[in-house]
Amino acid sequence: MESRKGDQREGMERPPMNVGGDADERVIRTILDAFPTSVKDFQKVRAGVLRARIDRRDLFRACKMLRDQLGFEHISMISAVEYADRFELVYHVSCYGSCMLLELITTTPRDDPSVDSVSSVWGGANWQEREAYDLMGIKFNNHPKLERILLPKDFMYHPLRKEYKEGP
Amino acid sequence: MAEMWINMGPQHPMTHGLWNLRIKVDGETITDAEPEVGYLHRGIEKICENRTYTQILPIADRLCYGASLSWNHLYCRTVEDLMGVEVPERAQYMRVVALEMQRIASHQMWLAAYAVDLGLMTGFIYAMRDREIFIDLLQSLTGSRLTYNFCRIGGVAHDLPPDFERDSLRACDYTEKKIDEYYDLFEGSKVFMMRNVGVGKLSKEDAMNLGVTGPPLRASGVKYDLRKDMSYEAYPEIDFQPITHPDGDCYARYRVRMEEMLESCKIIRQALQKMPKGKWRVVAPRNAPVGTGLGRVEDPRGEGMMYVVGDGTDRPYRLKIRSPIFVTVSAAKRMLVGYKVADVVAIMGGLDMCIGETDR
């Protein structure tokens with residue numbers, strides 16, 4: 001594990017465009033070794049893009065591992081999607097060195113839409129989590145300041161939920 | 001001395017749109033800062049859930065008034081990924097040409113606004129004048145000046161107009177000459193240099209961790225440009241270099257954008273030269289399959305991203321938009337703390353705020 005970490009640090013300085021199958025395999029293997037039961041459906045979407053589902057209880061530890069051991073230093077986007085029976089949170093995490101993009105999907109039940117905040121792992125997640133809370137009503141545990149960001153503080157709804165209808 | 005909070009905005013000459021920057025000052029030194037956004041929230045993500053895929057095209061334009069083609073293109077890419085549509089090669093090159101023209105126009109507008117922020121009225125007039133050339137070219141290509149609505153799902157709206165290639169090459173020659181002139185104008189100004197060099201430093205580690213993308217990230221010394229690193233359209237065929245600068249201050253951000261304009265001229269020339277003949281549009285299906293699509297492009301302001309969930313109908317089930325400035329401005333505190341109130345204008349101006357996409 002230590003030698004892999006060393007590789008990744010050097011990888012930061014490498015020229016881009018080296019999305020190899022090799023790096024993909026290493027990410028898949030490392031994550032599946034660490035979370036054998038909670039990570040499911042690992043797949044390669046196309047070159048350099050991976051997708052996995054993870055249990056929400058292991059999300060924070062997995063994100064910490066992604067940043068510290070696999071070099072995923074950039075959180076691109078956090079999207080909240082509502083389905084009839086669940087909420088899905090999609091984390092797009094990317095790596096500056098190998099230019100890989102990982103799509104990490106976690107699910108929360110409708111009656112308890114909450115996950116652990118990853119804003120202490122990636123500072124860029126802070127406002128994106130506030131946005132997901134504001135528009136979709138997902139609670140992020142241990143978030144430093146979970147307040148509305150785009151809508152006024154006294155707004156009463158989470159407008160991206162399907163039960164909220166626009167117009168008269 | 002007692003500390004106090006000051007509101008800079010929502011109505012303030014610095015803000016270029018409606019947003020508010022709250023800063024906490026101790027004397028003249030900033031000790032804390034908190035941007036407030038949301039004044040222009042139009043609920044575009046919600047609107048899109050009730051429109052067909054084609055109806056969203058002009059809405060995607062309205063995300064950013066400075067670089068609308070880039071957002072229009074990003075939306076098309078995302079839906080093409082969802083529907084599995086292959087874009088013809090000619091359309092890919094045409095998109096590259098239009099996108100780079102948009103990038104130059106956007107950077108010129110930033111330069112104009114930045115110059116007037118820092119008291120260089122001449123710079124404002126010059127940059128606005130030279131931006132007009134690319135606006136005119138885009139108008140001849142697309143038919144409108146600011147919200148182009150040019151890309152279509154499966155290609156672009158129409159072919160190049162007559163003499164477009166000749167005019168574009170002339171515009172590139174002209175811009176390259178003018179940028180040398182700008183260097184004299186801006187860097188010859190002692191006031192401009194004093195307000196830029198060493199102001200608003202953002203370290204490489206902070207920039208990476210806080211999700212800063214685009215020119216501010218490259219100005220902090222990270223060589224990361226999605227046109228190279230997760231290449232799309234015809235960019236892999238084109239020879240260009242991402243611009244970086246090691247310093248991470250306002251001057252570095254200015255310098256990165258200036259050199260990017262020169263690089264864009266290079267890209268336009270190559271793309272026009274390599275552009276093949278053929279079709280520029282294929283017919284896309286009306287309904288999207290069940291599944292997800294992802295688009296990720298290098299917007300003039302940073303990493304633009306869209307995530308669409310299709311449910312088999314002609315309307316998206318969910319469309320999530322990632323705005324680069326929304327994330328970049330959340331890093332404002334790290335850039336502002338420790339500097340003086342007078343530096344706020346230079347630091348925030350150097351980020352190239354666009355409220356349309358920040359608030360969506």
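**Figure 1. Aromatic pairs in the predicted model.** One of the pairs consists of B:Phe192 and B:Tyr254, whose ring centres are 5.1 Å apart. The planes of these two rings meet at 70°, and the pair is therefore edge-to-face, a class that requires an angle over 60 degrees. B:Phe192 and B:Tyr254 are both buried.

**Figure 2. The ring pair of B:Tyr251 and B:Tyr254.** The ring centres of B:Tyr251 and B:Tyr254 are separated by 5.8 Å, and the ring planes stand at 40°, so the arrangement is tilted. Helix 11 of chain B holds both residues, B:Tyr251 and B:Tyr254 being three residues apart, or about one turn of the helix. Both B:Tyr251 and B:Tyr254 are buried. Together with B:Trp110, B:Tyr114, B:Tyr182, B:Phe186 and B:Phe192, the residues B:Tyr251 and B:Tyr254 make up one aromatic cluster.

**Figure 3. Charged side chains over tyrosine rings.** A:Lys162 of chain A is placed over the face of B:Tyr317 of chain B, at 4.2 Å from the ring centre. Within chain B, B:Arg255 is positioned over the face of B:Tyr183, at 4.3 Å from the centre of that ring.

**Figure 4. Strand 4 of chain A and its pairing with strand 3.** Of the nine residues in strand 4 (residues 86-94) of chain A, eight are buried, which means that the strand is largely enclosed by the rest of the structure. Strand 3 (residues 74-82) of chain A runs antiparallel to strand 4 of chain A, and eight bridges join the two. A:Ile78 has A:Tyr91, in strand 4 of chain A, as its bridge partner. The two strands, strand 3 of chain A and strand 4 of chain A, form a hairpin with three residues between them.

**Figure 5. Strand 4 of chain A and its pairing with strand 5.** Nine bridges connect strand 4 of chain A with strand 5 (residues 101-109) of chain A, and the sense of this pairing is antiparallel. A:Val90 stands opposite A:Ile105, a residue of strand 5 of chain A. The hairpin formed by strand 4 of chain A and strand 5 of chain A has six residues between the strands, and in this hairpin A:Cys99 adopts a positive phi near 60°.

Key. Residues are numbered from 1 along each chain as its sequence is written. Chains are lettered from A and ligands numbered from 1 in the order in which they are written. This is a predicted model: local features need pLDDT of at least 70, side-chain atom pairs count only at pLDDT 80 or more; totals for chains, interfaces and linings use all residues. Side-chain values use heavy atoms; hydrogens and water are left out. Rings of Phe, Tyr and Trp (its six-membered ring) pair if their centres lie within 6.5 Å; planes under 30 degrees apart count as stacked, over 60 as edge-to-face and the rest as tilted. Buried means under 20% relative accessible area, exposed over 50%, partly exposed in between (1.4 Å probe, protein chains only). Helices (H or I, at least four residues) and strands (E, at least two) are DSSP runs, numbered from the N terminus. A charge sits over a ring if NZ of Lys or CZ of Arg is within 6 Å of the ring centre and within 35 degrees of the ring normal. Two strands pair if DSSP finds at least two bridges between them.
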